[in-house]
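Please look through the sequence and the model below before reading on.

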Amino acid sequence: MSKKILIIGSGIAGISSSLKLKSYGLNSLIVDKGKFIGGRLSTRETKIDTNSSYFFHGAQFFTAKTPRFEKIINMGVKKKYIKEFGNFYPKRYRGNKTMREFLLNLSKELNVQQQSKITKIIPSNNKINVFDDSKKKWVSYDAVISTPPAPQNYHLMNEFPLLQKTLKTGSYHACIAIMFSFEQIPNELKNYYDFYKKPGIFSWMAAGSDLHVWTAHTNEKFSDLNYDKDKDFLKNKIMSNIKKIFFNSKIKFHNLHIWKYAKVANKCLGYQIDPKYTVAIAGDFLEGPNVESAFVSGEKAADLILNRFESNK
Ligand SMILES: Cc1cc2nc3c(=O)[nH]c(=O)nc-3n(C[C@H](O)[C@H](O)[C@H](O)COP(=O)(O)OP(=O)(O)OC[C@H]3O[C@@H](n4cnc5c(N)ncnc54)[C@H](O)[C@@H]3O)c2cc1C
């Protein structure tokens with residue numbers, strides 16, 4: 001079957017859709033508005049002396065509880081671009097040096113194009129016409145899978161009211177990520193600190209590619225209340241809280257990243273594929289607040305598209 005398929009978003013949901021389609025012999029093009037592959041599986045580079053270190057300012061780790069994802073993770077561990085993180089049950093994993101490394105390896109045989117922002121999707125006879133705002137051109141496809149976070153996806157689905165209805169049912173928590181480094185690594189520093197259900201403003205704090213570079217995430221309550229506040233105010237407030245924890249150490253601020261749509265608070269319910277057109281949606285918002293759920297959702301979208309092609313034959 002020769003079909004022209006577009007996937008919007010090079011996060012884990014987009015990559016898993018494309019991989020699943022490939023397993024059925026269907027090629028697809030993944031486009032993403034960002035500079036780098038990975039979406040919320042992201043890493044930021046900094047130079048310490050002359051060496052590169054990497055902050056993990058999005059997802060900090062992922063689980064592999066489902067057999068298909070476990071298989072992919074085991075392959076990554078074997079090929080050394082994924083490693084186990086900490087000593088948890090169920091096991092937790094990270095990209096070996098960067099989070100992005102995981103998706104770069106996974107997508108080696110896929111067709112991925114960054115810095116392409118899709119702004120309109122319009123059905124026309126049996127085709128789906130898509131407008132790439134970065135290139136200022138329309139392109140026609142047989143099918144589209146759209147994976148941006150639900151509120152951003154909603155704006156792309158004006159012509160598909162039942163998918164919009166699905167996308168409206170969920171919600172996200174924000175997360176404020178602050179990246180900092182230690183001039184000298186303190187004695188007995190662990191590689192993560194879990195603040196889950198503890199008083200204060202943090203949920204989690206962990207080293208990136210080495211113990212110099214750290215990312216702290218503020219908890220849901222603080223993030224939802226403050227994500228749109230002045231950046232200097234946030235930087236000063238969060239850094240002063242970090243300094244209280246590591247009061248004996250010299251700490252340097254690097255960057256602040258505000259994720260408005262970080263983790264799914266309520267999943268979306270309803271149609272995943274339009275009843276009439278070959279347009280599907282995928283992402284964590286359909287399955288749950290983590291990397292593995294987004295992977296599962298991407299595979300489901302690929303199956304729905306394949307079934308639609310089969311039934312339209
Ligand atoms: C701070 C933070 C911490 C987290 N911690 C964890 C954790 O420890 N463990 C865990 O499992 N999960 C964690 N998560 C959640 C996890 O990162 C997400 O659930 C998962 O990465 C979502 O993947 P996705 O493919 O659905 O979406 P995304 O990764 O958001 O991918 C969507 C992509 O669509 C692109 N896009 C959007 N609009 C357009 C457009 N118009 N045109 C083209 N491209 C577009 C975006 O650039 C993006 O790359 C965390 C998330 C955040 C933000």
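Among the contacts in the chain with a separation of 6 or more, 65% are made by residues 24 or more positions apart. The model is a predicted one, and its chain has nine helices and 18 strands. Of the 313 residues of the chain, 44% count as buried, and along its principal axes the C-alpha trace spans about 70 × 40 × 35 Å. A compact globule with 313 residues would have a radius of gyration near 20 Å, and because the chain has 20 Å, the two values agree.

The domain assignment of the chain gives domain 1, made of 5-37 + 107-170 + 267-312, and domain 2, which covers 171-265. The C-alpha centres of domain 1 and domain 2 lie 32 Å apart, and the contact takes eight residues from domain 1 and five residues from domain 2. On the side of domain 1 that touches domain 2, the residues divide into four nonpolar, two polar and two charged.

Of the 37 residues around the ligand, Gly 9, Gly 11, Gly 39, Pro 148 and Asn 290 come nearest. The elements that give two or more residues to this shell are helix H1 (12-23), strand E2 (28-32), strand E13 (171-182), strand E17 (251-266) and helix H9 (291-312). By class, the shell has 18 nonpolar, 13 polar and six charged residues.

Helix H1, one of the elements of that shell, can be followed in more detail. At 1.5 Å a residue, the 12 residues of H1 should span 16 Å, and because the end C-alpha atoms of H1 are 16 Å apart, the expectation and the model agree. Is H1 largely enclosed or largely open, if a residue counts as buried when 20 or more other C-beta atoms lie within 10 Å of its own? Since 10 of the 12 residues of H1 are buried, the helix is largely enclosed by the rest of the structure. The buried residues of H1 include Ile 12, Ala 13, Ile 15, Leu 19 and Lys 20. The partners against which the buried residues of H1 pack are strand E1 (5-8), E2, helix H3 (100-106), strand E12 (143-146), helix H8 (284-287) and H9. Just after H1, Gly 25 takes a positive phi of about 85°.

Some details of the backbone come next. Most residues other than glycine have a negative phi, and most peptide bonds are trans. Lys 80, however, has a positive phi of about 70° although it is not a glycine; Lys 80 is found in the loop between H2 and E6, and it counts as exposed because it has 11 C-beta neighbours inside 10 Å. Asn 125 also is not a glycine and has a positive phi of about 50°; Asn 125 lies in the loop between strand E9 (118-124) and strand E10 (127-132), where it is exposed, with 7 other C-beta atoms within 10 Å. The peptide bond from Tyr 89 to Pro 90 is cis, with omega near -5°, and Pro 90 lies in the loop between strand E6 (82-84) and strand E7 (92-95).

Finally, Arg 68 lies in helix H2 (residues 67-78), and because Arg 68 has 15 C-beta neighbours inside 10 Å, it counts as partly exposed. Arg 68 and Asn 307 are 239 residues apart in sequence and 20 Å apart in space, C-alpha to C-alpha.

Methods: Residues numbered from 1 in each chain as written. Predicted model: local features only at pLDDT ≥ 70, side-chain atom pairs only at ≥ 80, totals over all residues. Near = placed C-beta within 6 Å. Helix = DSSP H or I, 4+ residues; strand = E, 2+ residues; numbered from the N terminus. Nonpolar A, V, L, I, M, F, W, Y, C, P; charged D, E, K, R; others polar. Domains from an automatic or database assignment. Contact = placed C-beta atoms within 7 Å. Expected span 1.5 Å × (residues − 1). Rg over C-alpha atoms; globule rule 2.2 N^0.38 Å.
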